[in-house]
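Let's take a walk through a protein with its ligand. Keep the viewer open as you read.

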Amino acid sequence: MLLEVKDLNTYYGESHVLQGISLTVEKGELVCLLGRNGMGKSTTLKSIMGLVKPKSGLINFKGEQILGMPAHKTARVGIGYVPETREIFPNLTVTDNLLLGIKKGKYSKGVGKDWTLERIYEHFPILKTRGSNKGFQLSGGEQQMLTIARTLMGNPELLLIDEPTEGLAPVMVEEVRDVLIEINKAGVSILLVEHNIKVALAMAHRLYLMGKAHVGFEGTPEELAKKPEIKRQYLEV
Ligand SMILES: Nc1ncnc2c1ncn2[C@@H]1O[C@H](COP(=O)(O)OP(=O)(O)OP(=O)(O)O)[C@@H](O)[C@H]1O
Ligand SMILES: [Mg+2]
């Protein structure tokens, strides 16, 4: 098991927004977390990353307890986080944005080959043609690609990605989907929050559907396909 989250409870002030979340990601898996607005999907990723501090629970990553670990340390142990807000440096070139993703230190060794500019450009041809463009000159989809690519430069074993296709044109949604499938095939495990059920079903090995503050369904896309009532309960379909 690469990541095991068990009985996670997170609060914002008095508000109990994660009430006993449990989920796992196996090495090599692409797992999707779905659910309606405000159910706690982003908070789940933030809790794993250490951007918000859960009150109780367990988060085990590669055999190490990481609950309560601050985000910069979580990054060092091999977890990459791509937030909903596309965080690029608008006044730096694409290449410089990518180089800033490199992490030094003993944990910088990810799975298989290290990510280099060359390897990134192989997987993201869309960025290659724009290497000397500045961040602000990119389209929303290209900025999303750049955020994912920059995070990969830190050689994470697990990527946490929050709604990467949100607000993108259909062609770009497909590009992002395909790039994530390729990255996963290259050995990077992925826990993905995705709004678009079609995209999620096309990518995921396993899915978790969240209701308010809890996980309501866990299974494969095939298992979910047999349960239309579950889809109706937890998703907008
Ligand atoms: N910083 C915060 N302070 C207080 N409440 C928050 C904060 N962030 C989120 N919340 C609340 O916590 C709950 C879970 O929010 P979260 O962002 O995790 O949901 P989500 O499933 O990612 O929703 P969306 O699909 O809209 O992104 C919501 O009720 C939200 O209003
Ligand atoms: Mg969210």
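What volume does the largest pocket have? About 420 Å³. Here a pocket is an open set of points on a 1 Å grid over the protein atoms alone, where a 1.4 Å probe fits and protein lies on both sides within 12 Å along at least five of seven lines; the volume is the space filled by probe spheres set on the points, which are joined across faces, edges and corners.

Before going further, note that this is a predicted model, in which local features need pLDDT of at least 70 and side-chain atom pairs count only at pLDDT 80 or more, while totals for chains, interfaces and linings use all residues. Residues are numbered from 1 along each chain as written, chains are lettered from A and ligands numbered from 1 in the order written, and side-chain values use heavy atoms, without hydrogens or water.

Back to the largest pocket: 19 residues line it, a lining residue being one with an atom within 4 Å of a point. Nearest its centre lie Ala75, Tyr81, Lys103, Arg150 and Thr151. Helix 2 (71-76), strand 6 (79-82) and helix 6 (140-152) each give two or more residues to this lining. Helices (H or I, at least four residues) and strands (E, at least two) are DSSP runs, numbered from the N terminus.

Now turn to ligand 1. It is surrounded by 14 residues, each with a heavy atom within 4 Å of it, and the closest are Asn37, Gly38, Lys41, Ser42 and Thr43. Helix 1 (residues 41-49) gives the most to this shell, with 3 residues.

Finally, look at two buried residues (under 20% relative accessible area, 1.4 Å probe, protein chains only). Asparagine 9, in strand 1 (residues 3-12), has a relative accessible area of 13%, and its side chain reaches the backbone nitrogen of glycine 20 at 3.2 Å. Aspartate 162 belongs to strand 7 (residues 158-162) and has a value of 1%. The C-alpha atoms of aspartate 162 and tyrosine 81 are 8.1 Å apart, although 81 residues separate them along the chain.

Conventions
Buried < 20%, exposed > 50% of the residue type's maximum accessible area, 1.4 Å probe, protein only. Polar contact = N/O pair within 3.5 Å; in protein donor to acceptor, adjacent residues only side chain to side chain.
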